[in-house]
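Grab your viewer and try each task before reading its solution.

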2 protein chains.
Amino acid sequence: MSKQAFQAAYIHCYELIRDKILNGELPGGTKLVEERLAEELGVSRTPVRESIRKLEQEGLIQKKRVVQPSVEDLRHIFEVRMLLEGFSARCAASYMDEATQEKVQECITIAREGTVDITMDANKQFHDLIVQASRNPEIVRIIDRMQSIIYLFRRAVVYYKRPFLIDEHQHILDAIRSHDAAAAERLMKEHLQADLDFYLHLGKH
Amino acid sequence: MSKQAFQAAYIHCYELIRDKILNGELPGGTKLVEERLAEELGVSRTPVRESIRKLEQEGLIQKKRVVQPSVEDLRHIFEVRMLLEGFSARCAASYMDEATQEKVQECITIAREGTVDITMDANKQFHDLIVQASRNPEIVRIIDRMQSIIYLFRRAVVYYKRPFLIDEHQHILDAIRSHDAAAAERLMKEHLQADLDFYLHLGKH
DNA sequence: TTCGAATTTTTTGTATACATTTTTAAAATA
DNA sequence: TATTTTAAAAATGTATACAAAAAATTCGAA
């Protein structure tokens, strides 16, 4: 049996609650009551409490309520993404090894043909690999922390099949492969801006 | 009596433990034992536990031990600072109103003549005001989260009286005042790089 | 001695009870 | 009816007890 067969309850709770938020089972605005969740998950309030605190730190919960990110929130997050992921793309153009470039290419290929879920995963992986090329754990952590909210957003984008999204990914990779740092950064920023614009436009309906 | 006269114990604990870490009473590497801290602070383990979790999220504690940031950690943090504070300085050149510019000027003036503690506060305030000019709460939050580790660092820098530090602040403000966004960003990045270099050089002794 | 198994001690994780605070609902007054 | 007061309930914060896990120590054998 694996050494990790047993998982502390509070970690398990954290993941369960997080998933409930991300898949919409706990929609934005819902008040999280410790006792109710405890009963639902079959544990005491203690681990639930810790989970909620952690989710609060991550920004998915605010004042015991599930966050419903506003358009402004999204703008702010994307501003940070453009800075940090743009920088990461620039690094990738200098540092990323061939094997990783191959993996990035696979993400693009898979995303072209997969189901919605597979495409979402592949697109996330695409960004993750580039962020990791920054070789800066702080940057990785910051982007990771925003991931949850980005996730809620990305779901909508892929669901509506934003045109050119995957082509843009390909262009970014091409720039990285030809070690054109300035182009990689610029293309990444434009790509994120397009994502954001598309999303904001959707909100108009 | 004010409505906030009473403070939840876990908030109080958080602040006390945090201060103990920042002022060196709990030096890097120290193992934090819930029960001992609880006794020391005169509360039960419950609020202490929550405080530790929060400090873990903030990066001041890792695996129950007080973090001792490595040179690499510092490099990574400063890379992020250069990106985000550089951007903020750029924004400041466009958006910062005159009243705030005045406040920034005061920070510089105070820092020139104050004691070590006053100078530290003023320098922190200088950076805070510029970060706020980004008008992006995400950026403010990220920088704030790094503040604790930055604080430990800044203490050393001011203690050893890095030359030109305040002059550089003045140059940045001048660029902001003349609405030269590119210069503001460049000067801020150079300033942070100089800070980092100075610190790394100190470490060589 | 040195290594490793076994045991003790320490520390953490969880449940539960109770106190305090906040929220909600109800009643009473203008 | 609207608004404030008061009472009720619900929810959170805290302490404490116990169980499980991790760490430290002891002991014996090579």
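**Exercise 1.** Which atom of DNA strand D does a polar side-chain atom of A:Arg45 lie 2.8 Å from?

*Solution.* A base nitrogen: that is where the polar side-chain atom of A:Arg45 points up, at 2.8 Å. Polar contacts here are pairs of N or O atoms within 3.5 Å; within protein, one must be able to donate a hydrogen and the other to accept it, and residues adjacent in sequence count only if both atoms are side-chain atoms.

Some ground rules before going on. This is a predicted model, in which local features need pLDDT of at least 70 and side-chain atom pairs count only at pLDDT 80 or more, while totals for chains, interfaces and linings use all residues. Residues are numbered from 1 along each chain as its sequence is written, chains are lettered from A and ligands numbered from 1 in the order in which they are written, and side-chain values use heavy atoms, with hydrogens and water left out.

**Exercise 2.** Work out the surroundings of DNA strand D.

*Solution.* Step one: collect the neighbours. DNA strand D has 16 residues around it, and the closest are A:Arg45, A:Arg49, B:Ala9, B:Ser44 and B:Thr46; a residue counts as near if one of its heavy atoms lies within 4 Å of the strand. Of the atoms of DNA strand D that come within 4 Å of the protein, 55% belong to sugar and phosphate.

Step two: pick out polar contacts. B:Thr46 has a polar side-chain atom 2.7 Å from a base nitrogen of DNA strand D.

Step three: ask which elements supply the surface. Two or more residues come from each of helix 3 (45-57) of chain A, helix 1 (9-22) of chain B and helix 3 (45-57) of chain B. Helices are DSSP runs (H or I, at least four residues), numbered from the N terminus.

Step four: sort by class. You get 8 nonpolar, 2 polar and 6 charged residues near DNA strand D. Ala, Val, Leu, Ile, Met, Phe, Trp, Tyr, Cys and Pro count as nonpolar, Asp, Glu, Lys and Arg as charged, and the others, Gly among them, as polar.

**Exercise 3.** Now do it for DNA strand C.

*Solution.* Start with the neighbours: 16 residues surround DNA strand C, the closest being A:Ala9, A:Ser44, A:Thr46, B:Arg45 and B:Arg49.

Next, the phosphate oxygens. One is 2.5 Å from a polar backbone atom of A:Ala9, and a polar backbone atom of B:Glu34 is 3.2 Å from a phosphate oxygen. B:Arg53 uses a polar side-chain atom, 3.4 Å from a phosphate oxygen of DNA strand C.

Finally, the classes near DNA strand C come out at 8 nonpolar, 2 polar and 6 charged.

**Exercise 4.** How do helix 3 of chain A and helix 3 of chain B cross?

*Solution.* First, the geometry: their axes come within 10 Å and cross at roughly 30 degrees. Axes are lines fitted to C-alpha atoms, for helices over the stretch in contact, and angles run from 0 to 180 degrees between N-to-C directions. That makes the two helices, helix 3 of chain A and helix 3 of chain B, roughly parallel (under 35 degrees; over 145 is roughly antiparallel, 65 to 115 roughly perpendicular and the rest oblique).

Then the residues: A:Arg49, A:Glu50, A:Arg53, A:Lys54 and A:Gln57 meet B:Arg49, B:Glu50, B:Arg53, B:Lys54 and B:Gln57, where contact means heavy atoms within 4.5 Å. By class, this contact of helix 3 of chain A with helix 3 of chain B has no nonpolar, 2 polar and 8 charged residues.

**Exercise 5.** Which residues meet where helix 4 of chain A contacts helix 4 of chain B?

*Solution.* Axes first: these two helices, residues 71-95 in chain B's case, come within 11 Å and cross at roughly 135 degrees. Helix 4 of chain A and helix 4 of chain B are therefore oblique to each other. A:Glu79, A:Leu83, A:Leu84 and A:Phe87 meet B:Glu79, B:Leu83, B:Leu84 and B:Phe87, giving 6 nonpolar, no polar and 2 charged residues.
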